[in-house]
Each structure stands twice: as C-alpha cells, then as structure tokens.
There are 2 protein chains.
Amino acid sequence: MSRPVEFDRDQAVQKAVHLFWQRGYQATSLADLLDAMGLSRSSFYGAFGDKRGLFVECLDVFAVRNQAILQRARDRKPPMAALRSYFERNFGRTSVPDLHFGCMLVNTVIEMAAIDQGLCDLAGQHLKTVQDLFEACLGDAGAEPDEAKRAAAFLMMVNEGAWVADRQRISIPDQLARINTAFGYVEGSIANRNTAKAQL
Amino acid sequence: MSRPVEFDRDQAVQKAVHLFWQRGYQATSLADLLDAMGLSRSSFYGAFGDKRGLFVECLDVFAVRNQAILQRARDRKPPMAALRSYFERNFGRTSVPDLHFGCMLVNTVIEMAAIDQGLCDLAGQHLKTVQDLFEACLGDAGAEPDEAKRAAAFLMMVNEGAWVADRQRISIPDQLARINTAFGYVEGSIANRNTAKAQL
DNA sequence: ACAATTATGGACCTACCGTTCCAGAAAGAT
DNA sequence: ATCTTTCTGGAACGGTAGGTCCATAATTGT
C-alpha cells in the first residue's frame with residue numbers, strides 16, 4: 001500500500017538520543033534535531049508526534065541500553081565483579097576521549113524537575129530500575145535483604161554523584177579512585193556482616 | 001547627584017536566586033524575573049547588564065550562602081560533627097516541606113555543561129571550594145592529608161548524588177539513611193587508620 | 001526655583017521557538 | 001497506465017525569547 005517511509009527510524013532515534021543526551025531537552029531545538037536526524041518537519045511530526053514524544057522515546061532507548069550493560073555483566077561475571085564493571089565501564093571509558101555528557105537520566109531529572117514533572121518522574125523510574133538491579137547483584141553476593149537495599153541505595157547515590165562529576169570533566173583516574181573508595185566501603189561492609197554471621 | 005535607585009538590590013537578587021535555583025537558567029524567562037524582582041526592563045538592564053550577568057551574581061550569592069552554613073558549623077562544633085550537620089541541615093530540613101530544588105550549583109553544572117561552559121565551570125569552582133572545606137574538616141578530625149583528600153572527594157560525590165535524589169523528591173528518612181551510611185563508612189575508615197597509626 | 005542627572009515604564013525590535021498546513025512527489029495496487 | 005495512498009519539502013503561523021530605545025518622572029546640588 002502506497003509509498004513507504006524513506007528513513008531508518010531506529011537510526012534517527014539514535015541520533016536524537018545523542019543530541020538530547022549532550023544538550024538536554026530545552027537547548028535542543030527542532031532545527032537541531034531535523035538536521036541531525038536528516039528528515040523534514042513533516043516526516044518528524046508524522047513519525048514522532050512532537051518534540052516531547054521523541055524525548056520520551058529517547059529516554060526509554062537510553063535506559064534500556066544502560067540497563068543492558070549491567071544485565072550483560074551480571075550474566076557473565078560474579079555479582080560484585082559485575083557491579084564494579086558497570087561502574088568501570090561508565091566512568092573509566094578511555095575509547096572516545098571527550099564524551100562527558102553525564103547520564104541522560106540524571107541530566108533529565110535535574111533539568112526537568114521543575115519544568116515537566118512527567119519527564120522527571122520517567123527518568124527517575126528508569127534510575128530506580130537500575131537501583132533494583134544493584135540490589136539484586138548485592139543479594140547474589142551474599143548481602144542480607146535489608147543490607148542489599150541499603151547498599152543499593154548508597155551505590156545509586158554514588159552513581160548519580162559520579163555522573164555530576166563527569167559533566168565537570170573530572171579526570172578518569174580521579175573518578176575511578178572515588179568509585180574504588182565507595183566500593184571498598186560497600187565490600188568491607190558486606191564482608192564484615194558475613195564474618196559476623198559466621199561467628200554466630 | 002540625581003535620582004537614587006528605588007529598589008533594594010540585594011532583595012531583588014534573592015528573589016532571582018530563588019527563581020534560578022528552582023527552574024534553572026533556560027526555563028527562567030526575563031518576564032519571570034522582572035515579575036518576581038518587581039522591577040522594569042530598564043532598571044534590570046541598568047543594574048545587572050543582562051540575564052547571564054544576573055545569573056553569575058546569583059551563583060555567587062548561592063555559593064557564599066552555602067559555604068557559610070559549613071563554615072559556621074565548623075566554628076562551633078568538632079570537625080566531624082560540623083560535616084555531619086552540614087549534610088543534615090541540607091538534606092534533613094523539615095521546615096519548608098516541598099522545597100526540593102536540589103543545589104543550584106549542581107543544577108547549573110548539569111544544565112549548562114554543553115550550553116555555556118563558563119557557567120558550568122563557575123558552578124564547579126564553587127563546589128570545589130566546598131570540597132576543600134570538607135578536606136579541612138577531615139584534616140582537623142585527624143585524617144592524614146591524603147586520606148582527607150580522598151574522603152573529601154568521596155563526600156563531594158555523596159553530596160552531589162544526594163542533591164540529584166533531592167530533585168526526585170526522595171523522602172527525608174531515606175535520604176538521611178543514605179547520608180548516614182556514607183558517614184559511617186568515612187568515620188570507620190578514619191578511625192581504622194588512627195587505630196593502625198596508634199599501633200605502630 | 002532651576003538645571004543637571006539618572007532611574008523608570010513601556011513600546012518596540014529582531015530572532016527563533018514548536019507546530020500546522022498544503023501542494024506536490026513517489027510508490028504500491030489494479 | 002492509472003488511481004489511490006502516503007510520505008515529503010517548504011512556506012507560513014502565532015507566540016515568546018532576550019535586548020534596545022526613548023520620552024517621562026523624580027531627585028539632588030546650586
């Protein structure tokens with residue numbers, strides 16, 4: 001039936017993710033998007049509804065991609081190693097040098113909190129999903145349920161703080177040192193509890 | 001000499017701080033500012049140059065006010081108690097209920113990183129000043145210089161992460177629990193090193 | 001009281017925002 | 001080949017952004 005769509009939708013969304021991730025919602029104009037995605041206004045509105053709709057889609061794409069990093073590590077490594085590799089991959093990447101865009105979810109929470117609570121909440125939900133993954137890893141690593149919850153909340157705080165520093169273009173060694181400090185604390189805490197439990 | 005200024009400059013800046021703090025730079029329009037500050041366009045441009053100039057001034061005001069909280073605590077309490085009270089005051093305030101604006105410095109780093117590097121750097125510098133205060137407190141508390149540096153960097157990461165959660169309207173008990181976890185780690189670490197040093 | 005100086009209110013400017021709309025081009029179905 | 005459907009490019013829309021300008025009002029020094 002009739003003329004088919006000419007552009008690759010997924011590829012266009014990827015371009016949009018990159019732009020929104022880097023510049024945020026407000027500072028990314030429709031003209032910027034159309035230029036990067038390589039499509040006309042009509043095609044844009046036909047395919048995505050409006051700017052906000054595209055942003056929601058980008059948020060979801062980003063979140064899935066982000067969760068997959070941890071999920072894959074979890075399938076292949078011991079739980080604590082998987083957690084560490086998630087942080088090391090995010091904060092220790094040496095491949096592309098100046099990619100200090102932070103985390104699109106954190107950026108959105110901060111930028112949109114007082115502007116569009118729906119977007120803020122959506123980004124927050126995605127972050128909560130990651131925190132739940134943290135909790136699952138910690139449980140697998142032998143932490144008691146309440147200890148896993150406590151440590152997962154702590155690690156999410158660390159994660160969010162590290163992303164703020166990322167936008168300040170903190171050096172990779174400094175960043176990794178801070179992450180390492182935090183993990184040392186958490187692992188020490190879990191080890192102590194396990195030891196205490198063994199002594200009962 | 002001629003007609004004097006009619007409005008209270010400091011008071012006007014306070015109003016502007018409140019607006020920028022809540023909504024960020026981009027989402028705060030000149031009309032919003034003029035309305036809140038209660039002055040006309042001419043007076044505004046006469047007194048502050050332009051929107052960006054006012055924002056810089058607000059950033060400074062916010063930073064000074066913020067640093068003063070820690071500085072005052074430091075004058076009155078033991079160093080670790082001063083540090084704790086800084087966090088507890090920021091994240092445990094029960095006075096005004098729904099004031100979840102985060103930290104204007106953190107908000108600015110995130111919002112402006114890719115838009116206006118000057119503003120991002122300025123906010124980052126102010127944060128660094130707070131981190132230096134952390135370091136000084138930890139030094140006073142008996143931490144070795146490198147340990148104080150390490151722990152201060154860690155606490156700044158915690159601070160930034162907690163402010164992100166604040167914008168998500170995290171509950172005060174959850175927030176304080178996370179802060180408490182972090183402080184437990186840091187104090188344990190310093191105590192251990194002090195013990196180890198005593199055993200030499 | 002008058003002159004000199006400066007703040008003030010508000011009209012005005014240009015640029016850009018996100019969105020809508022429409023005429024025309026392109027492709028599948030018959 | 002024709003018809004129908006859908007996509008596409010670009011013009012046009014109203015609204016708002018930050019910033020400028022000027023006539024007027026107000027105050028101090030003389």
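1. Ser85(A) lies in helix H5 of chain A, which covers residues 79–91. In this predicted model, Ser85(A) has a relative accessible area of 15%. Since the limit for a buried residue is under 20%, Ser85(A) is therefore classed as buried. Apart from its neighbours within four places in sequence, Ser85(A) is in contact with Ala73(A) and Lys77(A).

2. Chain A contains 9 helices and 0 strands, and its pattern along the sequence reads α-α-α-α-α-α-α-α-α. The C-alpha trace of chain A spans about 75 × 40 × 35 Å along its principal axes. What share of the 200 residues in chain A is buried? Buried residues make up 50% of them. As for contacts in chain A with a separation of 6 or more, 67% are accounted for by residues 24 or more positions apart.

3. The next point concerns two helices of chain A. Helix H1 of chain A (residues 9–23) and helix H2 of chain A (residues 30–37) have axes that come within 9 Å and cross at roughly 140°. Is this arrangement to be called oblique or roughly antiparallel? The term roughly antiparallel applies to angles over 145 degrees, so H1(A) is oblique to H2(A). The crossing of H1(A) past H2(A) is right-handed.

4. Which residues of H1(A) and H2(A) meet? On the side of H1(A) they are Ala12(A), Val13(A), Lys15(A), Ala16(A), Leu19(A), Phe20(A) and Arg23(A). On the side of H2(A) they are Asp32(A), Leu33(A), Ala36(A) and Met37(A). Sorted by class, this contact has 8 nonpolar residues, 3 charged residues and no polar ones. Lys15(A) and Arg23(A) from H1(A) and Asp32(A) from H2(A) are among the residues that meet, and Lys, Arg and Asp count as charged.

5. The axes of helix H1 (residues 9–23) of chain B and helix H2 (residues 30–37) of chain B cross at roughly 140° and come within 9 Å. H1(B) and H2(B) are therefore oblique to each other, and H1(B) passes H2(B) in a right-handed crossing. From H1(B), the contact draws on Ala12(B), Val13(B), Lys15(B), Ala16(B), Leu19(B), Phe20(B) and Arg23(B). From H2(B), it draws on Asp32(B), Leu33(B), Ala36(B) and Met37(B). By class, the residues of this contact divide into 8 nonpolar, no polar and 3 charged.

6. How the two chains are related deserves a separate point. In general, two copies of a chain are related by a rotation about an axis and a shift along it. Here, chain B is superposed on chain A by a rotation of 180° with 0.0 Å of shift along the axis, at an RMSD of 0.0 Å. That is the relation of a two-fold axis. The same surface serves both copies, since 100% of the contact residues of chain B recur in chain A. Which residue of chain B comes closest to the rotation axis? It is Gly161(B), whose C-alpha lies at 1.8 Å from the axis.

7. Ala123(B) belongs to helix H7 of chain B, residues 117–140. With a relative accessible area of 0%, Ala123(B) is buried. Leaving aside neighbours within four places in sequence, the contacts of Ala123(B) are with Leu59(B), Leu105(B), Thr108(B) and Val109(B). Between Ala123(B) and Gly38(B) there are 85 residues of separation in sequence and 27 Å in space, taken from C-alpha to C-alpha.

8. A final point concerns backbone angles. Most residues other than glycine have a negative phi. Arg169(A), however, has a positive phi, near 60°. Arg169(A) is placed in the loop between helix H8 (145–167) and helix H9 (172–199) of chain A. Is Arg169(A) buried or partly exposed? Its relative accessibility is 38%, so Arg169(A) counts as partly exposed. In chain B, Arg169(B) also has a positive phi near 60°, and its place is in the loop between helix H8 (145–167) and helix H9 (172–199) of that chain. Arg169(B) counts as partly exposed at 36% relative accessibility.

Technical notes:
Residues numbered from 1 in each chain as written. Chains lettered and ligands numbered in written order. Predicted model: local features only at pLDDT ≥ 70, side-chain atom pairs only at ≥ 80, totals over all residues. Heavy atoms only, no water. Axes fitted to C-alpha atoms, helices over the stretch in contact; angles between N-to-C directions. Helix = DSSP H or I, 4+ residues; strand = E, 2+ residues; numbered from the N terminus. Parallel < 35°, antiparallel > 145°, perpendicular 65-115°, else oblique. Left-handed = near helix turned anticlockwise from the far one by under 90°. Contact = heavy atoms within 4.5 Å. Least-squares fit on C-alpha atoms with pLDDT ≥ 70 in both. Buried < 20%, exposed > 50% of the residue type's maximum accessible area, 1.4 Å probe, protein only.
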